[in-house]
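Welcome, and please open your viewer. We will go from selection to selection and look at what is there.

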Amino acid sequence: MKSEKPSKLRDLKPGEIETRLADAREEMMKLRFQQVTGQLSDSSRLRTLRRNVARMQTILREQAVAEVGKGEA
């Protein structure tokens, strides 16, 4: 999984982003186990996943704040 562009993530619905987020977290957990057991060959993958997770969380938070802002106006 390459780094996902924020613009493409913003086009997705929140449910789709949450699904991708759950998949990324699961993959990150598996990679951590591989790292601990010495089976991980590409350690940069963990960094990429961690950043993707943060990116998705940020976009979900932005969307939530935007929804609250619409309700107040």
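Axes here are lines fitted to C-alpha atoms, for helices over the stretch in contact, and angles run from 0 to 180 degrees between N-to-C directions. This is a predicted model, so local features need pLDDT of at least 70 and side-chain atom pairs count only at pLDDT 80 or more, while totals for chains, interfaces and linings use all residues. Residues are numbered from 1 along each chain as its sequence is written, and side-chain values use heavy atoms, without hydrogens and water.

Select H2 (14-37) and H3 (44-72); helices are DSSP runs of H or I with at least four residues, numbered from the N terminus. The axes of H2 and H3 come within 9 Å and cross at roughly 155°. That makes H2 roughly antiparallel to H3 (angles over 145 degrees). Contact means heavy atoms within 4.5 Å, and among the residues making it are Leu 21 and Met 28 of H2 and Leu 49 and Val 53 of H3.

**Stop two: the core.** Next, show the largest nonpolar core, with 14 residues: buried Ala, Val, Leu, Ile, Met, Phe, Trp, Tyr and Cys joined through side-chain atoms within 4.5 Å, where buried means under 20% relative accessible area with a 1.4 Å probe, protein chains only. H3 gives the largest share, 6 residues. Ile 17 and Met 56 have the most contacts inside this core.

**Stop three: Ile 17 and Gln 63.** Not counting residues up to four places away in sequence, Ile 17 touches Leu 9, Leu 12, Met 56, Ile 59, Leu 60 and Gln 63.

Notes:
Buried means under 20% relative accessible area, exposed over 50%, partly exposed in between (1.4 Å probe, protein chains only). Helices (H or I, at least four residues) and strands (E, at least two) are DSSP runs, numbered from the N terminus. Angles under 35 degrees count as roughly parallel, over 145 as roughly antiparallel, 65 to 115 as roughly perpendicular and the rest as oblique.
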